[in-house]
Amino acid sequence: MNVVQLLMLSLCGVCLGDMPDHGGAISVTHAENADDNGVSVEVEEDQLDNVDVFYPTRNWQTIKPGQTIPQGLHVRMNLETGLKEAKLMDGDDGLKFWKEGERQGMVNTDKKHFSRDELKKALKEFKLSQDDMQDGQVYAESLKKDFRSYEELKEDFAQMNANVKTDSEILTDLLTSFRRPDITVAEKKAILTDLEYYVHQIDNAQNFAAMGGIDECIRTLNVTDADLRSEAAFVLGSATQSNPKVQVRAMEGGAMQTLIRMLSNEPSTQTRNRAMYALSSLVRHFPYAQQKFLELGGLNALKQLFQEGNTEKLRVKAVTLITDLVIEQHMIEKHAKIDDAVQQEKIQQYKKVPLLELLQEQGWCDVVHTLLTLPDHDTRDKVLTAMTTLMDTCHSSFSGAWASLEDLQREYHVLSGQEQSGKHGDDSASDDHFYTKMLQTVNKMLLEIVRRDEL
């Protein structure tokens, strides 16, 4: 027979039914003589006097220092007194087990006394719980054999981290490989794809520029392979986006001239789109680059797109870029603080960018509204935004868009009605009342044209 438990019941009196001092509290020790199928009970006087067990109720009670707390209670810290308190969980009652060193026991929270039958039942449950604990220890030992310890895992991770390269090291390796004399076009393309992923992060882009990576991209814009030119423009656009230090390096490397030329002469549609992306990233929030863009004929290069076929997407991107630059200039002038030297210096820089004047001189006002005839709703929205932004400069030219605006008014009147009645099938548009807002914008545009014509 295996070792089983001899459970010793210690009470303040000699009677099992009377426990006025300790309530329903039992102290248990192990012994080697007991029947597996029965429970042996030995009563000793004053056994519990050496163990201070917290007796829980349904009300909060303060836990005294050194008290042993039964399992499964609701314990909290009283923020006013700084003392720990405990009570039974809501709906909880019955037996609660406790452990103090090698000694273990239970309390009966239903009443202050154990009857002999209740005592035997409680002790049997206690024995079962001890068997579960032994099973748990066996299971824990098996886990140790099957799995590595936390310390072993820490050592493995430390070795792994020793082999992990930083982003800067990866950029250095990629550029070193890119500059190999025996590298193939396919390998260069793959490297540029990897570089584009890394240079989205501002610090990576600045490190890339310091390593000469921007210069490599600008040189690659002039190679004969269209895919390489496309990838290089993509990397350049991602690196310069919202990154002043890299924008300055790209301007110093001559990126502006090359990108404007690509917009005019590039035969590949994808490469032209990426050149537009790089150009947009280069000039945004950079008045010096905008000034050079105008001086080098950038507006003319964009306007030529309206004279070519199959360039609708590029035209929309061009109008969006011009609109954003006008709004950017307007916002800095409107919100710059008089006592902020940096913002005042930026205003002076923008004054050297005669964007609105050149838009009017070079005929941009006459081509913007031609995009209203495109069927895409998002494109129309961007064009209407551009017309609203440029109304002060281009109102006389926008009178020529009256017929197109009336067509849109009729179309969006129908779509708005369907949208408001819930009959329109395009849920993505109707969720935010897109067509209704488009109708309102068109109506405002027509009224503004009438108002200005009457002046």
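## Close-up views of a predicted model

**View 1. The largest nonpolar core.** Counting 86 residues, the largest nonpolar core has L302 and W364 as the members with the most contacts inside it. Such a core is a set of buried Ala, Val, Leu, Ile, Met, Phe, Trp, Tyr and Cys residues joined through side-chain atoms within 4.5 Å; buried means under 20% relative accessible area (1.4 Å probe, protein chains only). Helix α13 (residues 312-335) supplies the largest share of this core, 8 residues. Helices here are DSSP runs (H or I, at least four residues), numbered from the N terminus. This is a predicted model, in which local features need pLDDT of at least 70, side-chain atom pairs count only at pLDDT 80 or more, and totals for chains, interfaces and linings use all residues. Residues are numbered from 1 along each chain as its sequence is written, and side-chain values use heavy atoms, leaving out hydrogens and water.

**View 2. Around W364.** Leaving aside residues up to four places away in sequence, W364 touches L299, L302, K303, F306, A318, V319, I322 and L359. Contact means heavy atoms within 4.5 Å.

**View 3. A separate core.** Another core, of 5 residues, lies apart from the largest one; among its members are F54, I63, A86 and L88.

**View 4. Where α17 meets α21.** The axes of helix α17 (residues 377-389) and helix α21 (residues 434-454) come within 11 Å and cross at roughly 35°. Axes are lines fitted to C-alpha atoms, for helices over the stretch in contact, with angles from 0 to 180 degrees between N-to-C directions. Contact residues include H377 and L384 of α17, and F434 and M445 of α21.

Key: Buried means under 20% relative accessible area, exposed over 50%, partly exposed in between (1.4 Å probe, protein chains only). Helices (H or I, at least four residues) and strands (E, at least two) are DSSP runs, numbered from the N terminus.
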